[in-house]
Amino acid sequence: MLCHHCLISRTLLKVGDLRTFEKLLIANRGEIACRVIKTCKKMGIRTVAIHSDVDANAVHVKMADEAVCVGPAPTSKSYLNMDAIMEVIKKTRAQAVHPGYGFLSENKEFARRLASEGVTFIGPDTHAIQAMGDKIESKLLAKNAKVNTIPGFDGVVKDADEAVRIAREIGYPVMIKASAGGGGKGMRIAWDDEETREGFRFSSQEAASSFGDDRLLIEKFIDNPRHIEIQVLADKHGNALWLNERECSIQRRNQKVVEEAPSTFLDPETRRAMGEQAVALAKAVKYSSAGTVEFLVDSSKNFYFLEMNTRLQVEHPVTECITGLDLVQEMIRVAKGYPLRHKQTDIPINGWAVECRVYAEDPYKSFGLPSIGKLSQYQEPLHVPSVRVDSGIQQGSDISIYYDPMISKLITYGSNRAEALKRMEEALDNYVIRGVAHNISLLREVIVHPRFVQGDISTKFLPEVYPDGFKGKRFWLKWEKHEISVKNSSPVCFFFRIPVAKSKRSSWELSVRLGDGIYPVAVSKDGSSFSVEVDGMKLNVTSEWNLASPLLSVTVDGTQRTIQRLSRNASGDTNIQFLGTVYKLQILTKVAAELSKYMPEKAAEDTSSILRSPMPGAVVAVSVNPGDTVSEGQEICVIEAMKMQNSMIAAKTGKVKAVHCKAGDTVGEGDLLVELE
């Protein structure tokens with residue numbers, strides 16, 4: 001078993017008494033700041049955290065030895081505020097800076113300013129950042145290093161008209177992406193001229209917002225590929241290693257959701273070829289630090305260079321699990337000037353690791369639109385064996401519109417893939433998150449889907465498996481009735497837990513509404529267990545009841561299940577989380593169920609005539625005025641959330657009756673934006 005703490009302790013023993021830095025500043029926030037601080041503590045390095053005013057009580061601030069505010073909430077005024085950060089470095093006398101990922105991690109100007117002040121940047125030098133951070137230059141360098149590249153236009157696209165001309169020359173579909181980008185921001189796929197023009201507009205705006213650089217490039221879109229990346233590690237003495245691959249094909253909006261190491265798809269020969277090309281590219285730019293070379297891999301195992309990230313990747317923990325290396329520690333050692341301690345033959349693949357990115361998102365809206373709020377209850381599943389949780393939040397933390405909505409990275413390890421996936425199922429079922437929407441239902445469904453279990457995946461997995469969008473748990477016919485019975489029986493027993501203790505009755509006739517179905521349920525108590533008959537199926541239900549715990553461990557006919565009871569009111573409405581998905585049930589006595597038929601139903605809102613914000617965010621642009629005539633599908637306004645821009649369109653043709661927002665407004669989920677007559 002490789003847990004996070006064992007991993008770091010083991011590698012530190014090999015380091016011995018080698019000295020690195022006395023004080024290190026982390027120019028980041030959230031889980032990655034906490035991750036860096038943990039390794040620094042193990043290495044005896046004092047840490048300095050920076051934070052915005054809204055992050056004053058954040059976990060990374062509490063973990064660090066010192067913490068200094070660098071500005072208000074907007075990233076441009078805090079975590080991207082180089083002047084303020086440089087001032088903190090001088091004030092605290094930090095000797096080195098770890099940038100984490102995102103923010104200033106791949107900003108060559110920041111690295112240059114640090115060097116001019118004699119402060120060590122925990123990452124590559126400015127030349128490598130410049131060369132690999134610019135997708136146009138990196139592609140030319142990759143070609144010269146004999147790395148396989150994707151066909152495309154090797155230059156900057158000037159405007160939308162030129163984008164259309166280039167796209168036609170390359171041949172549709174094409175990928176439009178920010179030259180200085182990463183993390184899925186500033187990327188659009190275009191299948192025709194109209195989508196190219198729209199993609200150019202949105203990609204350039206997102207690129208300018210996220211990276212301060214609106215330059216774009218266009219290349220051929222490899223349809224239905226896998227996204228597989230190689231972790232590299234290089235020092236200042238000309239040594240470089242590849243630390244195997246990470247499978248990152250499960251994505252939404254070009255952002256990774258589930259990652260694993262190794263990949264089920266690669267054979268040893270392809271793995272070696274990809275690794276050797278990744279190292280060749282690293283050596284070509286005299287790279288020194290941890291970095292990642294990303295490839296697209298087609299069904300015939302042909303692979304093409306996508307980009308190189310000159311920083312620590314979000315998904316680095318899965319590599320740490322299968323190699324036993326602490327990548328943050330290795331980055332710090334390299335930055336101090338020490339040579340690598342390992343040779344290529346020393347790098348193993350021990351076991352299997354899977355990572356799920358847990359987001360504060362509603363997965364039922366475009367596979368995940370941001371959710372904001374306060375974590376009213378939060379409990380990580382650390383009691384599950386071989387589980388690692390990299391997080392930067394705690395119960396009471398706020399998820400705001402200003403930053404990435406990631407709650408944590410949930411990692412499980414096993415001796416093989418099946419074991420790692422089974423532990424991930426258990427970990428997701430035992431992960432308690434209240435106060436914000438989250439994507440655990442989507443993650444839980446992905447890891448048990450037959451295609452994923454078989455390794456039959458690509459970057460189109462989500463839209464192919466859920467062409468109409470994610471709808472939650474869907475039952476396979478052969479066990480649907482049993483699982484419905486399990487869902488119904490467990491909350492029924494919980495519903496009766498208190499009354500049964502005081503009542504002399506031993507049997508009840510109930511009615512349970514689940515979705516569109518109404519199920520007659522007969523319950524009888526036999527000692528400490530319940531016999532529950534649902535739609536002709538009898539089940540024996542036992543549990544160790546603990547009303548104080550958000551988790552309910554239930555055994556139904558010998559099968560153990562973990563259920564989370566989210567809420568219950570006096571009307572019998574009960575919300576439970578089962579196999580990741582939240583279900584709304586109504587549990588009533590037979591008499592109450594008969595009477596409920598006469599209750600009037602609330603009329604549904606005519607959503608075709610109104611446009612509400614599907615997420616919290618900021619209004620970037622409004623394209624209509626009262627009195628304008630709009631066509632179905634026409635853009636009405638643009639909402640930006642977590643630096644992703646979303647076009648809001650008209651559901652029907654009509655005249656604009658009223659506009660309730662303007663550019664610059666902050667809106668919440670469900671806020672009224674525009675009305676049509």
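# Close-up views of a predicted model

**View 1. The largest cavity and its lining.** Helix 7 gives the largest share of the lining of the largest cavity, three residues. The structure shown is a predicted model. The search comes to one cavity of 30 Å³ or more, and the volume of the largest cavity is about 50 Å³. Its lining consists of Lys135, Ser138, Lys139, Lys177, Leu217, Glu219, Phe305 and Leu306. Helix 7 (135-144), strand 8 (216-220) and strand 13 (303-309) are the elements that give two or more residues to this lining.

View 2. Ten aromatic pairs are found in a search of the whole structure. One of them joins phenylalanine 367 and tyrosine 466, a tilted pair with 6.4 Å centre to centre and 55° between the planes. Phenylalanine 367 belongs to the loop between strand 15 (361-362) and strand 16 (369-370), while tyrosine 466 belongs to the loop between helix 16 (461-465) and helix 17 (477-502), so the pair ties together parts that are 99 residues apart in sequence. Both phenylalanine 367 and tyrosine 466 are buried.

**View 3. The pair of tyrosine 402 and tyrosine 403.** The ring centres of tyrosine 402 and tyrosine 403 are 6.2 Å apart and the planes stand at 55°, so this pair is tilted. Tyr402 and Tyr403 form one aromatic cluster with Tyr79 and Phe103.

**View 4. Serine 52 and its contacts.** Serine 52 is found in strand 2 (residues 46-52). Its relative accessibility is 0%, and serine 52 therefore counts as buried, the limit being under 20%. Leaving aside residues up to four places away in sequence, serine 52 touches Cys69, Gly71, Pro72, Ala73, Ser78, Tyr79 and Tyr403.

**View 5. Arginines over aromatic rings.** Two such placements are shown here. Arginine 252 has its charged end over the ring of tyrosine 359, 4.8 Å from the ring's centre. Arginine 417 lies over the face of phenylalanine 452, and the ring centre is at 4.8 Å.

View 6. Strand 33 runs antiparallel to strand 36 (residues 654-659) and is joined to it by two bridges. Which residue of strand 36 is the bridge partner of threonine 629? The partner is lysine 655.

View 7. Helix 11 (residues 316-323) is mostly covered, with eight of its eight residues buried. The buried residues are His316, Pro317, Val318, Thr319, Glu320, Cys321, Ile322 and Thr323.

Definitions and conventions
Residues numbered from 1 in each chain as written. Predicted model: local features only at pLDDT ≥ 70, side-chain atom pairs only at ≥ 80, totals over all residues. Heavy atoms only, no water. Phe/Tyr/Trp six-rings, centres within 6.5 Å; stacked < 30°, edge-to-face > 60°. Helix = DSSP H or I, 4+ residues; strand = E, 2+ residues; numbered from the N terminus. Buried < 20%, exposed > 50% of the residue type's maximum accessible area, 1.4 Å probe, protein only. Lys NZ or Arg CZ within 6 Å of the ring centre and 35° of its normal. Contact = heavy atoms within 4.5 Å. Pairing = 2+ DSSP bridges. 1 Å grid on protein atoms, 1.4 Å probe; cavity = no way out; pocket = protein on both sides within 12 Å on 5 of 7 lines; lining within 4 Å. Points joined across faces, edges and corners; volume = space filled by probe spheres on them.
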